[in-house]
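Hi,

Here's the structure I promised to send over. Have a look at it first, then read my notes below.

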Amino acid sequence: MQDFVKMIKAHMFGIRTFFNDWAVNNGILEGLNSKIQLAKKRARGFCNVQNFINVIYFTCGKLQLDYPQYPL
């Protein structure tokens with residue numbers, strides 16, 4: 001852990017420059033979190049964690065799930 005702290009201190013100038021120059025923000029992550037929270041509220045609970053993870057993938061994955069076209 002001490003080696004990690006020394007490395008961070010040694011590169012602090014570069015780290016600060018990177019974040020100041022690139023103007024990094026977490027807007028995309030906040031948007032995904034909002035979608036996940038909405039899915040959780042809509043479902044009002046899940047039987048297990050895997051079902052909740054599947055709903056997150058379904059909601060945030062931008063999947064195109066059209067009904068199959070059956071011939072008349």
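Helices α3 and α4 lie oblique to each other, because angles under 35 degrees count as roughly parallel, over 145 as roughly antiparallel, 65 to 115 as roughly perpendicular and the rest as oblique. Their packing angle is about 125 degrees, and the axes are 10 Å apart, with α3 covering residues 27-43 and α4 residues 49-60.

Quick background: this is a predicted model, where local features need pLDDT of at least 70 and side-chain atom pairs count only at pLDDT 80 or more, while totals for chains, interfaces and linings use all residues. Residues are numbered from 1 along each chain as its sequence is written, and side-chain values use heavy atoms, leaving out hydrogens and water.

Now for helix α1, which spans residues 2-10 and holds Val5. (Helices are DSSP runs of H or I with at least four residues, numbered from the N terminus.) Val5 counts as partly exposed, at 39% relative accessibility.

How far apart are the C-alpha atoms of Lys6 and Phe58? They're separated by 43 Å, and the two residues are 52 apart along the chain.

Cheers

Note on methods. Helix = DSSP H or I, 4+ residues; strand = E, 2+ residues; numbered from the N terminus. Buried < 20%, exposed > 50% of the residue type's maximum accessible area, 1.4 Å probe, protein only. Axes fitted to C-alpha atoms, helices over the stretch in contact; angles between N-to-C directions.
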